[in-house]
Amino acid sequence: MTLNFNLPHETIYSEAKVSQVIVPGAAGEYGVTADHVPLVAQLKAGVLQIFHEDAGEPEKYFVAGGFSLTHANSVTDISCPEAVKLDDIDSSAVSSNFESAKNAYTSAEDGSAAQAEAQIDMEVNRAMGTAIGLNLN
């Protein structure tokens with residue numbers, strides 16, 4: 001199958017030949033291989049796994065959301081606002097960012113935009129923490 005993986009500021013893969021991609025879909029995680037049925041899916045914050053044809057372990061990225069479009073010709077396009085390799089994530093920064101977001105949520109006025117933004121920050125940092133083995137509550 002062919003993978004195109006893009007961020008607004010960077011192309012991670014363009015027409016890369018891979019054997020499988022595990023996608024963190026908003027409706028549930030799913031795998032895509034060659035000849036997969038066409039599918040459009042919203043992504044949730046989670047781990048995107050890319051299995052290269054010549055490697056055993058998948059390449060893993062944390063994605064904050066986005067969309068995946070699988071076409072009938074075995075091409076999958078993934079577009080995300082942000083993505084970072086799991087190996088590049090600093091666990092202390094994730095913990096600190098989660099605590100800051102939690103404090104911002106608690107101090108924000110109920111129902112305010114500030115509270116909604118803090119809630120999103122908490123959810124993304126919690127998902128990122130889970131991806132690297134942290135338990136953030």
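This is a predicted model: local features need pLDDT of at least 70, side-chain atom pairs count only at pLDDT 80 or more; totals for chains, interfaces and linings use all residues.
Student: Is Ser68 buried or exposed?
Tutor: Ser68 is buried, at 0% relative accessible area; buried means under 20%, exposed over 50%, partly exposed in between, with a 1.4 Å probe and protein chains only.

Student: What does Ser68 touch?
Tutor: Leaving aside residues up to four places away in sequence, its contacts include Val23, Tyr30, Leu39 and Ile78, contact being heavy atoms within 4.5 Å.

Student: Switching to Met122, what does that one touch?
Tutor: Met122 touches Phe98, Ala101, Lys102 and Tyr105, not counting residues up to four places away in sequence. Met122 is buried too, with a relative accessible area of 12%.

Student: How far is Met122 from Thr70 in space?
Tutor: They're 30 Å apart, C-alpha to C-alpha, and 52 residues apart in sequence.

Student: And how many residues has the largest nonpolar core?
Tutor: It has 21, and Phe5 and Ile78 have the most contacts inside it. Such a core is a set of buried Ala, Val, Leu, Ile, Met, Phe, Trp, Tyr and Cys residues joined through side-chain atoms within 4.5 Å.

Student: What about the second core?
Tutor: That one is separate, with 11 residues, including Leu86, Phe98, Ala101 and Met128.

Terms used
Residues are numbered from 1 along each chain as its sequence is written. Side-chain values use heavy atoms; hydrogens and water are left out.
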